[in-house]
Amino acid sequence: MSMDAVRLVEVGARDGLQNEARCLPVDTRVALVERLADCGLRTIEAGAFVSPRWVPQMAGSDEVLRRVGQRPGVTYTALVPNLQGLDMALAAGCREVAVFAAASEAFSQKNINCSIAQSLARFEPVLAKALEQGVAVRGYVSCVLGCPFTGAVPVAQVVAVTQALYAMGCYEISLGDTIGTGTPEATHRLIEACAGSVPVTALAGHFHDTYGMAVANVQAAWQAGVRVFDSSVSGLGGCPYSPGATGNVATEELVYLFEGQGVATGVDLAKLIEVGVFIDSQLQRSGESRVAKALRARIR
Ligand code: HMG
Ligand code: MG
């Protein structure tokens, strides 16, 4: 990968679908993941091994992960909140998983029913077991630029959780603006602060577009040295424990942004537009992303 390449982590089949009122059947979720891989996306989060009582949309993730065809160079990953989730992911053949913590105590309680410290303690044996089996672990930090319950989140708190996940063995930490309240300058400051504690190459940006700032925040993080970004096809997404939050930044928008400034994404945008049309029709939604809508009109 050249210096001027970006890696997009497609999270639509997880972060996207987990927030849709309609639960899609496994067949459709497998088709979505396969079609995303056809577009050239190389890291695809395909499910979550969480309690189906908490997030019914992700029930059957074991079947989804088992059924997606293995392809050279493509990594399918899934969320695991604890050892029980990791064991299910390993049984389904996952070679990469993600643990998820928060920078806000209130959000941690609402999302995973424990404190930040308890969650980190819970992740220790998850990391140990995964790494022992050669399974890579990514870490998420939620609420890095604001909490839906308590508002402002101190940068130092984000840095502390990021550092803890990195020290535990997460190869990459995805900084989540869960509710999309961040702005470019705050994003830049946050990345600089985190990059003071972990290598900037170990950071990823995960921006929700609730306030229309996601693309601007991606650009700010890029300028601060981040080269990995999470996104969802057609801007699917949100978080069931984050009232009012809308989707992730649309993958179409990031492909348009980066290719437009000479940065290779490896993604076939015309194919991706078709995948967006497909999943929106399955969910009976029209799609939020202006870029995706404009490109649909132009490309189709
Ligand atoms: P709990 O109730 O505290 O768990 O939930 P527990 O250990 O007391 O177990 C209670 C029951 O859950 C038991 O079943 C367990 O077997 C079961 P019962 O005996 O009552 O029948 N259980 C599980 N089932 C399936 N898979 C598991 C699992 N673990 C226990 N792994 C728990 C704790 C973490 C399980 C729960 O709170 C949970 O599943 N939360 C999921 C929350 C979630 O998925 N949120 C969305 C993803 S995070 C996000 O979107 C943010 C992100 O995108 C970044 C950003 O935008 O900021 C990543
Ligand atoms: Mg998210």
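Which strands form the closed barrel, and with what pairing do they run? In this predicted model, eight strands follow one another in the order E1-E2-E3-E4-E5-E6-E7-E8, and their pairing is parallel. If direction is ignored, neighbouring strands of this sheet are turned by 25° against each other on average.

Strand E2, which comprises residues 43-48, pairs with E3 in the parallel sense over five bridges. Within this pair, Gly47 stands opposite Ala78 of E3. On its other pairing, strand E3 (residues 75-79) is joined to strand E4 (residues 96-102) by three bridges, and these two strands also run parallel. Here Ala78 stands opposite Val97 in E4. Strand E3 itself is mostly covered, as four of its five residues are buried.

Leu175 stands opposite Gly205 in E7. How many of the five residues of strand E7 are buried? Five of the five residues in strand E7 (residues 203-207) are buried, and the strand is therefore largely enclosed by the rest of the structure. In a regular strand, side chains alternate between the two faces of the sheet. In E7 both faces are covered: Leu203, Gly205 and Phe207 are buried on one side, and Ala204 and His206 are buried on the other.

The helices may be considered next. Val159 belongs to helix H7, which spans residues 155-168. Is Val159 buried or exposed? Its relative accessibility is 12%, and because buried means under 20%, Val159 counts as buried. The C-alpha atom of Val159 is separated by 8.6 Å from that of Ala103, although these residues are 56 residues apart along the chain.

The model also contains ligand 1. This ligand is surrounded by 27 residues, of which the closest are Gln18, Asn111, Asn113, Ser142 and Thr178. The shell divides into 12 nonpolar, 12 polar and three charged residues. Several N and O atoms of the protein lie close to atoms of the ligand, as the following distances show. An oxygen atom of ligand 1 is 2.6 Å from an N or O atom in the side chain of Thr178. A nitrogen atom of the ligand is 2.9 Å from an N or O atom in the side chain of Asn82. In the case of Val50, a backbone N or O atom lies 3.4 Å from a nitrogen atom of ligand 1. On its own, ligand 1 has 1100 Å² of accessible area, and the protein covers 76% of this. The elements that contribute two or more residues to the shell are helix H1 (12-16), helix H4 (83-91), helix H5 (105-112) and strand E5 (136-142).

Two residues deserve attention for their backbone angles. Most residues other than glycine have a negative phi. Asn113, however, has a positive phi of about 65° although it is not a glycine. Asn113 is placed in the loop between H5 and helix H6 (116-132), and it is among the residues closest to ligand 1. Gln284 likewise has a positive phi, near 55°. Its place is in the loop between helix H11 (269-283) and helix H12 (290-299). With a relative accessibility of 60%, Gln284 counts as exposed, because exposed means over 50%.

Definitions and conventions
Residues are numbered from 1 along each chain as its sequence is written. Chains are lettered from A and ligands numbered from 1 in the order in which they are written. This is a predicted model: local features need pLDDT of at least 70, side-chain atom pairs count only at pLDDT 80 or more; totals for chains, interfaces and linings use all residues. Side-chain values use heavy atoms; hydrogens and water are left out. A residue is near a molecule or strand if one of its heavy atoms lies within 4 Å of it. A polar contact is a pair of N or O atoms within 3.5 Å; within protein, one must be able to donate a hydrogen and the other to accept it, and residues adjacent in sequence count only if both atoms are side-chain atoms. Accessible areas come from the Shrake-Rupley method with a 1.4 Å probe; for residues, only the protein chains shown count as cover. Ala, Val, Leu, Ile, Met, Phe, Trp, Tyr, Cys and Pro count as nonpolar, Asp, Glu, Lys and Arg as charged, and the others, Gly among them, as polar. Buried means under 20% relative accessible area, exposed over 50%, partly exposed in between (1.4 Å probe, protein chains only). Two strands pair if DSSP finds at least two bridges between them. Axes are lines fitted to C-alpha atoms, for helices over the stretch in contact, and angles run from 0 to 180 degrees between N-to-C directions.
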